[in-house]
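Open the model in a viewer and keep the sequence panel beside it. The stops below say what to select and what is there.

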Amino acid sequence: MRKMRKEVWIACVVFLLDRLAKIAAREIPEGGMTLIPGVLGLRYTRNTGMAFSLLSGRPWLLGLLSLAVIVAAFLYLRNKDIPRLPMIGLMLMLGGAAGNMFDRFFTGYVTDMIELLFVYFAIFNPADIALTIGCAIVVISLLRGDGSGSSAKTGEDWQESENIQADKT
């Protein structure tokens, strides 16, 4: 649990920032507001589903699913010696999942407020951002071979395998 304990503060900060943003979102005027014209705005919405409003109207089911994933991830990660970068990604994901789970259990919906104005896209929140960035970090780490026990090749591995192939021809 050495590594997880070191970076767990990241999940706590994500959770707290998400809570503060969702509390502040209640003050967004009806109809929303523009922060950067044509780019970014704020609009208070209640999402009773998950990403893109999937499974709408079943917050208790999504809350239980979130809780199960968080507990399973914690139990799995607590004894793993995971490199720092993937662990940061995992802690971002944990904090984001905890933020949205809190909403589902205590309000029956997830508060979303960040709106991209240059494209028709879902309205989202800081927890969603942390989840997305965390996933990207983990995937990139795995592809680069930064994860322990990863089978992904590093740049040197690719170069070495190309040199071996060139020697055979």
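Select G108, which sits just after α3 and takes a positive phi of about 85°. The model is predicted, so local features need pLDDT of at least 70, side-chain atom pairs count only at pLDDT 80 or more, and totals for chains, interfaces and linings use all residues. Residues are numbered from 1 along each chain as its sequence is written, and side-chain values use heavy atoms, with hydrogens and water left out.

Now select residues 84-107, helix α3. Helices (H or I, at least four residues) and strands (E, at least two) are DSSP runs, numbered from the N terminus. Helix α3 has 24 residues and reaches 34 Å from its first C-alpha to its last, close to the 34 Å expected at 1.5 Å a residue; the expected span is 1.5 Å times one less than the number of residues.

Zoom out to the whole chain. The protein chain holds 5 helices and 3 strands, in the order α-β-β-α-α-β-α-α along the sequence. Of its 169 residues, 33% are buried. Buried means under 20% relative accessible area, exposed over 50%, and partly exposed in between (1.4 Å probe, protein chains only).

Next, colour the core. A nonpolar core is a set of buried Ala, Val, Leu, Ile, Met, Phe, Trp, Tyr and Cys residues joined through side-chain atoms within 4.5 Å. The largest one has 16 residues, and I10, I70, M91, L92 and L94 have the most contacts inside it. At least two of its residues come from each of α1 (2-25), α2 (59-77), α3 and α4 (126-144). Helix α3 gives the most, with 8 residues. A second, separate core has 6 residues, including I28, L42, I114 and F124.

Select I10 alone. Apart from neighbours within four places in sequence, I10 is in contact (heavy atoms within 4.5 Å) with I88, M91 and L92.

Show α3 together with α4. Their axes come within 7 Å and cross at roughly 155°. Axes are lines fitted to C-alpha atoms, for helices over the stretch in contact, and angles run from 0 to 180 degrees between N-to-C directions. The two helices, α3 and α4, are therefore roughly antiparallel: angles over 145 degrees count as such, under 35 as roughly parallel, 65 to 115 as roughly perpendicular and the rest as oblique. The crossing of α3 and α4 is left-handed, a term used if the near helix is turned anticlockwise from the far one by less than a right angle, with right-handed used if clockwise.

Stay on this pair and select G89, which lies in α3. G89 counts as buried, at 0% relative accessibility. Its C-alpha is 6.3 Å from that of C135, 46 residues apart along the chain. Leaving aside neighbours within four places in sequence, G89 is in contact with G134, I137 and V138.

Last, select L117, in the loop between β3 (110-116) and α4. Is L117 buried, exposed or partly exposed? L117 is partly exposed, with a relative accessible area of 35%. L117 and G41 are 76 residues apart in sequence, with C-alpha atoms 6.5 Å apart. Beyond neighbours within four places in sequence, L117 is in contact with T34, I36, G38, V39, L40 and G41.
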